[in-house]
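The structure comes first, then my entries.

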Amino acid sequence: MDNVTGASDTSAGVEGLDLARLGEMLRERRGKLSLRQAAAEAGVSFSTFTRVEAGAQPDLTSFTLLCAWLGVSPGQFFTPVTERQVAPIDEAIAHLAADPRLAPDAASKIADVLRNMYDVLAKAPAQRQVVACHLRAASVLRPGVPHRLNSLLGEMHDKLAARVAGGEL
């Protein structure tokens with residue numbers, strides 16, 4: 001069970017599988033078929049079909065077979081990735097503090113360095129306008145000219161962007 005996670009596993013950055021919806025769709029699709037008939041049609045065991053219909057998490061192969069039997073994409077059962085509840089720096093520091101190879105004071109010192117670096121480097125990107133050029137007449141120029149102009153304008157753009165980034169413009 002590598003990539004299929006249960007709905008209860010909604011920790012930060014982990015997609016959850018909507019098992020309730022999967023079970024509901026299996027019951028609807030099965031209709032008046034017996035569990036054994038539906039399982040045979042889907043290509044899974046009776047016990048697997050019964051468990052999944054009741055809300056249990058299937059293995060990846062069974063999940064794929066059941067989605068094929070339902071005629072739906074497996075992706076529709078995945079819930080969106082949850083918002084990160086812990087800042088990346090706090091998560092990194094928590095890992096350091098939990099590392100048994102580090103003494104608490106060593107972990108604390110490394111955490112201080114990390115936090116200082118993070119505070120300095122993790123700023124919002126500068127909102128400077130990048131100089132860009134657009135050649136509207138390119139479609140009416142002789143063959144080869146737009147390509148040569150493109151490289152020339154690209155060089156100009158890069159140099160101007162560097163000057164803007166350097167605060168010269």
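**Ring pairs.** I worked on a predicted model, and my search of the whole structure returned three aromatic pairs. I looked up Phe63 and Phe77, which form an edge-to-face pair with 6.1 Å centre to centre and 75° between the planes. I noted that this pair links distant parts of the chain, since Phe63 belongs to helix H4 (residues 60-70) and Phe77 to the loop between H4 and strand E2 (78-79), 14 residues apart.

I then turned to Phe63 and Phe78, and found an edge-to-face pair again, at 6.0 Å centre to centre with 80° between the planes. Here too distant parts of the chain are linked, with Phe63 in helix H4 and Phe78 in strand E2, 15 residues apart. I recorded that ring pairs join Phe63, Phe77 and Phe78 into a cluster.

**Burial.** Which of these rings are buried? I found both Phe63 and Phe77 to be buried. Phe63 counts as buried because its relative accessible area is 2%, under the 20% cut-off. Phe78 has a relative accessible area of 26% and is therefore partly exposed, as the value falls between the 20% and 50% limits.

**Charges over rings.** I also checked for charges, and found the charged end of Arg29 over the ring of Trp69, 4.2 Å from its centre. In a further entry I noted Arg36 over the face of Phe46, at 4.1 Å from the ring centre.

Note on methods
Residues are numbered from 1 along each chain as its sequence is written. This is a predicted model: local features need pLDDT of at least 70, side-chain atom pairs count only at pLDDT 80 or more; totals for chains, interfaces and linings use all residues. Side-chain values use heavy atoms; hydrogens and water are left out. Rings of Phe, Tyr and Trp (its six-membered ring) pair if their centres lie within 6.5 Å; planes under 30 degrees apart count as stacked, over 60 as edge-to-face and the rest as tilted. Helices (H or I, at least four residues) and strands (E, at least two) are DSSP runs, numbered from the N terminus. Buried means under 20% relative accessible area, exposed over 50%, partly exposed in between (1.4 Å probe, protein chains only). A charge sits over a ring if NZ of Lys or CZ of Arg is within 6 Å of the ring centre and within 35 degrees of the ring normal.
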